[in-house]
Amino acid sequence: QAPLPPLTRSPSPVSNGGGWGEPIGASPQFFLGGVTMGFDREKFDEIKAAFTIDDDALRKIADDFRADMCAGLAGKEGATLRMLRSYAGLPSGKEHGSFLALDFGGTNVRAQRILLKGSGEYEVLSRVAKPLTLPGVYDYVSADATAEELFDFLAAIIDEAIDGNRETKYLLGHTFSFPSQQTNLNNAKLIVWTKEFATQGVEGKVVNDLLKEALARRGMTNVVPVAVINDTVAVLLAAAYKHEHTYIGSIYATGQNTCYYEDFADGSEPPTVINMESGGFGHLPFSKYDDILDQESEQPGAQRLEKMVSGRYLGTLYGAALADLLGADGVYPFSSIELSEIITDAHLDRHAAGAVIEAKTGMTFTAAERALLQELATAVIVRSARIVAATYVAIIQHRMGENEFENQFVAVDGSVYEKVPLVAHHLRGALDTLLLDEAVNVKIILENAGSALGAALAAAMTTRK
Ligand code: BGC
C-alpha cells in the first residue's frame, strides 16, 4: 500500500552548507570544536536515543498494555484500549459458497467475489481495486468529500465486481478498518476516523446503512450487506480458516491494530473476537517528535501508539527528527516507502539513501553522515517493530492467564510488516526477548489475503445453521 499524502508541509529550505569534510558555508551553529559539520554529532546521538527503547522499557510497555486490556474490557475509565466486541466467532474451516467482499480502510478500496471451498480453500472469482485518492482528479477521504460521494464510489466498485448483475443475490461481507461500535455482526457505527481520513458525514453513522443507501441508488438491491468486520478481524478469520490455533490477527500497514479471540473464561460474556483498537494505546514513552507529529495530526491526542508505529506516520516521524537535527522548521515529508529506501541502501557510501534525503532537505552529506542518517531511519523502524511485538506479547500472556502455554499462530498482514526492511526481523527478535522459553511456541504468519477472505468468511458465517 502506498502511504497517503504527507501529514505536514515541507519546512523552509535550509542551506547550511555541506557535511563532514566539506565545509561549504556552514552557519555558526554547526561549528563544533573547529570542525565544520553538516550536523551536530551530540544532537544526533540524543535524537537517536529518543527513538531507542531498551528491553526493560519494552517489558514495561507489554505489562502496561496487558493491564490496559483488562481495564478496557471492563470499560474502566482511563483505559486507552477500546476493546470493541466484534460479534464474530472463529470460522469452522468448513465455510462454503460464493460471497462478495468489500475491503475499505487503506489506500485502495477493493471488491471481490470469492468462492469458499472449505478446508481453508478459496478462489477469487473477480476482483476490482481502486485508489481512494487520485491526486488532481478525486479524493474521497478528505474533509471536502461527503459520505454520499464516498459510498457511491464504493457501490460503483462493487458493481464492477459483479459485472452489473442485478439478478443474482449476493451476501456481502464488509471489512471496514476503523473503530466501530457494534451491536451485532452487521450493525457497526463509525466512532471516529483514524489514519487521517476525514470524509464528512460518516462518523457516528452505521456504515452498512450508508452502503445500503448507495447500493439502492444504483438499483443494486440484489447485493445484501450482512456483516461488518475490522480488518484485523478479517485477518484473524482468514488465518483461522487455514490454521487451527490462530487467535490473534493484526494489521501493520498504513494503520496498526490487533484483535484476538477472547473466551471470557469467567463466563461473563459469550466468547468473541475483540477489536482492541490497539493503535489507541496511550501509555508509552513518547519522544518530542511523537508529540510534534501528534499535534500536527487530524486528531491530536488520539491513536498515540499508531502514530509511533504505522506506515502512515513513520516517514513523518523521521522527517520531524531530521528537521530538528538539521535546524529546520517544520517536518520533512518523508513517506514510509522513502524510509524503506533509505534503510535498504547497503552500499558503503550510502549514495542511494543520501539521494532520498538530499532531495527532501536540499542539503548534501558526506558518506559518514549518510550512514548516520540511515542509522536514524533504522532506529525509527526498529522502535516501531519492538512496540508492536510488546503488544503481541501482552495479548498472548493475557490469553494464557494461569494456563499452560499453547502452540499458536499470530497472523499479520500489512505493507509495513511485509515490505519495510528489518521490521519482521526485529518484531521476531523482540518477541523472543520478551517471551523467553515460550517464544518457540509462537509462530508469526503472514496472511495477506485477509481483508477480502475474512469479509467473505464473515458473510458465510451469517448463514450458519
Ligand atoms: C484503525 C483500525 C484499523 C487499523 C489498520 C487504524 O487506524 O483505527 O480500526 O484496524 O487502522 O487498518
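A: Start at Asp231: an N or O atom in the side chain of Asp231 is 2.5 Å from an oxygen atom of the ligand. Keep in mind that this is a predicted model. Thr194 places a polar side-chain atom 2.7 Å from an oxygen atom of the ligand. Glu306 also has a polar side-chain atom 2.7 Å from a ligand oxygen. The ligand on its own has 310 Å² of accessible area, and the protein covers 98% of that.

Now take in the whole shell. It holds 15 residues around the ligand. The closest are Thr194, Lys195, Asp231, Glu277 and Glu306. By type, the shell has 8 polar, 4 charged and 3 nonpolar residues. Two elements each supply at least two of the shell residues: helix H5, residues 231–242, and strand E14, residues 256–262.

Next come the aromatic rings. The whole structure contains 17 aromatic pairs. One of them joins Phe65 and Phe281. Their ring centres are 5.0 Å apart and their planes stand at 70 degrees, so this pair is edge-to-face. Phe65 sits in helix H2, residues 55–73. Phe281 sits in the loop between strand E15 (272–275) and helix H6 (288–296). The pair therefore ties together parts that are 216 residues apart in sequence. Both Phe65 and Phe281 are buried.

A second pair is made by Phe178 and Phe197. This one is tilted, with 4.9 Å from centre to centre and 55 degrees between the planes. Phe178 is in the loop between strand E9 (170–176) and strand E10 (180–182). Phe197 is in the loop between strand E11 (188–190) and helix H4 (207–217). The two residues are 19 residues apart, and their pair links distant parts of the chain. Phe178 has a relative accessibility of 1%, so it counts as buried. Phe197 has 3%, so it counts as buried too. Both rings belong to a cluster linked by ring pairs, made up of Phe104, Phe176, Phe178, Trp193 and Phe197.

Another buried place is Leu322. It lies in helix H8, residues 311–326. Its relative accessible area is 0%, so Leu322 is buried. Leaving out residues up to four places away in sequence, Leu322 touches Tyr332, Phe334, Ile357, Thr361 and Leu373. Take Leu373 from that list: it is 51 residues from Leu322 in sequence, yet the two C-alpha atoms are 8.1 Å apart.

Last, look at two backbone details. Asp163 is not a glycine, but its phi is positive, at about 50 degrees. This residue is in the loop between helix H3 (147–161) and E9. Its relative accessibility is 69%, so Asp163 counts as exposed. Leu422 is not a glycine either, and its phi is positive at about 75 degrees. Leu422 lies in the loop between helix H12 (415–419) and helix H13 (423–435). With a relative accessible area of 34%, Leu422 is partly exposed.

Notes
Residues are numbered from 1 along each chain as its sequence is written. This is a predicted model: local features need pLDDT of at least 70, side-chain atom pairs count only at pLDDT 80 or more; totals for chains, interfaces and linings use all residues. Side-chain values use heavy atoms; hydrogens and water are left out. A residue is near a molecule or strand if one of its heavy atoms lies within 4 Å of it. A polar contact is a pair of N or O atoms within 3.5 Å; within protein, one must be able to donate a hydrogen and the other to accept it, and residues adjacent in sequence count only if both atoms are side-chain atoms. Accessible areas come from the Shrake-Rupley method with a 1.4 Å probe; for residues, only the protein chains shown count as cover. Helices (H or I, at least four residues) and strands (E, at least two) are DSSP runs, numbered from the N terminus. Ala, Val, Leu, Ile, Met, Phe, Trp, Tyr, Cys and Pro count as nonpolar, Asp, Glu, Lys and Arg as charged, and the others, Gly among them, as polar. Buried means under 20% relative accessible area, exposed over 50%, partly exposed in between (1.4 Å probe, protein chains only). Contact means heavy atoms within 4.5 Å. Rings of Phe, Tyr and Trp (its six-membered ring) pair if their centres lie within 6.5 Å; planes under 30 degrees apart count as stacked, over 60 as edge-to-face and the rest as tilted.
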